[in-house]
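Subject: Structure handover

Hello,

The structure you asked about is below, with the sequence. Notes on what was found in it follow.

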Amino acid sequence: GSGKTMTISACLRALPDTELVALNFSSSTSPDLIMKTFDHYCEYKRTPDGIILRPQLSGKWLVVFCDEVNLPAPDKYGTQHV
């Protein structure tokens, strides 16, 4: 309600050489959704140390902003007390 997500998103988008990806978590967020997001914005690179993910846009940092990660379980009315 106070604009925390909008504020941090605006600050991160204003950084040069940075691409922001926002993930809003909920009870329906699945590991598959997270992996598809990484597949969309990253490429897999084989290195001597193993396989790594790196941003598709060369010379840019990829910031993955995870929002609403630790919400409590919904109560019997479907609401979440924060």
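A salt bridge here is a side-chain nitrogen of Lys or Arg within 4 Å of a carboxyl oxygen of Asp or Glu. By that rule the structure holds two. Before the details, some notes on the source. This is a predicted model, in which local features need pLDDT of at least 70 and side-chain atom pairs count only at pLDDT 80 or more, while totals for chains, interfaces and linings use all residues. Residues are numbered from 1 along each chain as its sequence is written, and side-chain values use heavy atoms, with hydrogens and water left out.

Confidence

pLDDT is the predictor's confidence in each residue, from 0 to 100. The protein averages 87, and 95% of the residues score at least 70. Confidence is lowest in α2, at a mean of 89, and highest in β2, at 93. Those element names refer to DSSP runs numbered from the N terminus: helices are H or I with at least four residues, strands are E with at least two.

Salt bridges

Side chains of opposite charge can pair when their charged atoms come close. One of the pairs is Asp-32 with Lys-36, at 3.3 Å from N to O. Asp-32 and Lys-36 are four residues apart in helix α2, so about one helical turn separates them. Asp-32 is partly exposed, with a relative accessible area of 43%, and Lys-36 is exposed at 51%. For these labels, buried means under 20% relative accessible area, exposed means over 50%, and partly exposed is in between (1.4 Å probe, protein chains only).

Arg-54 also forms a salt bridge, with Glu-43, and the closest N and O atoms are 2.6 Å apart. This pair links distant parts of the chain: Arg-54 is in strand β3 (residues 50–55) and Glu-43 in strand β2 (residues 42–47), eleven residues apart. Arg-54 is partly exposed at 36% relative accessibility, and Glu-43 is partly exposed at 30%.

Nonpolar patch

Which residues make the nonpolar surface patch of about 390 Å²? They are Met-35, Tyr-44, Ile-51 and Leu-53. Patches are made of residues with over 30% relative accessible area and no salt bridge; like charges are joined within 9 Å, and nonpolar side chains (Val, Leu, Ile, Met, Phe, Trp, Tyr) within 5 Å. The areas come from the Shrake-Rupley method with a 1.4 Å probe, and for residues only the protein chains shown count as cover. Met-35 belongs to helix α2 (residues 31–41) and is partly exposed, at 39% relative accessibility.

Cysteines

How many disulfides does a search of the whole structure find? It finds zero, a disulfide being a pair of cysteine sulfur atoms within 2.5 Å. For Cys-11, the closest cysteine sulfur is in Cys-66, 18 Å away and therefore too far for a bond. For Cys-66, the closest is in Cys-42, at 12 Å, which is also too far for a bond. Cys-11 is partly exposed at 46% relative accessibility, and Cys-66 is partly exposed at 38%.

Two buried threonines

Thr-18 lies in strand β1 (residues 18–24) and is buried, at 13% relative accessibility. Not counting residues up to four places away in sequence, Thr-18 touches Leu-12, Lys-60, Trp-61 and Val-63. Contact means heavy atoms within 4.5 Å.

Thr-37, in helix α2, is buried as well, at 15%. Leaving aside neighbours within four places in sequence, Thr-37 is in contact with Val-21 and Leu-23.

Other residues

Asp-17 has a positive phi of about 60° although it is not a glycine. Asp-17 sits in the loop between α1 and β1 and is partly exposed, at 47% relative accessibility.

Met-6 is in helix α1 (residues 4–13) and is exposed at 64%. Met-6 and Leu-33 are 27 residues apart in sequence and 22 Å apart in space, C-alpha to C-alpha.

Gln-80 lies in the segment after β4 (61–67) and is partly exposed at 36% relative accessibility. From Gln-80 to Asp-32 the C-alpha distance is 24 Å, and the two are 48 residues apart in sequence.

Regards
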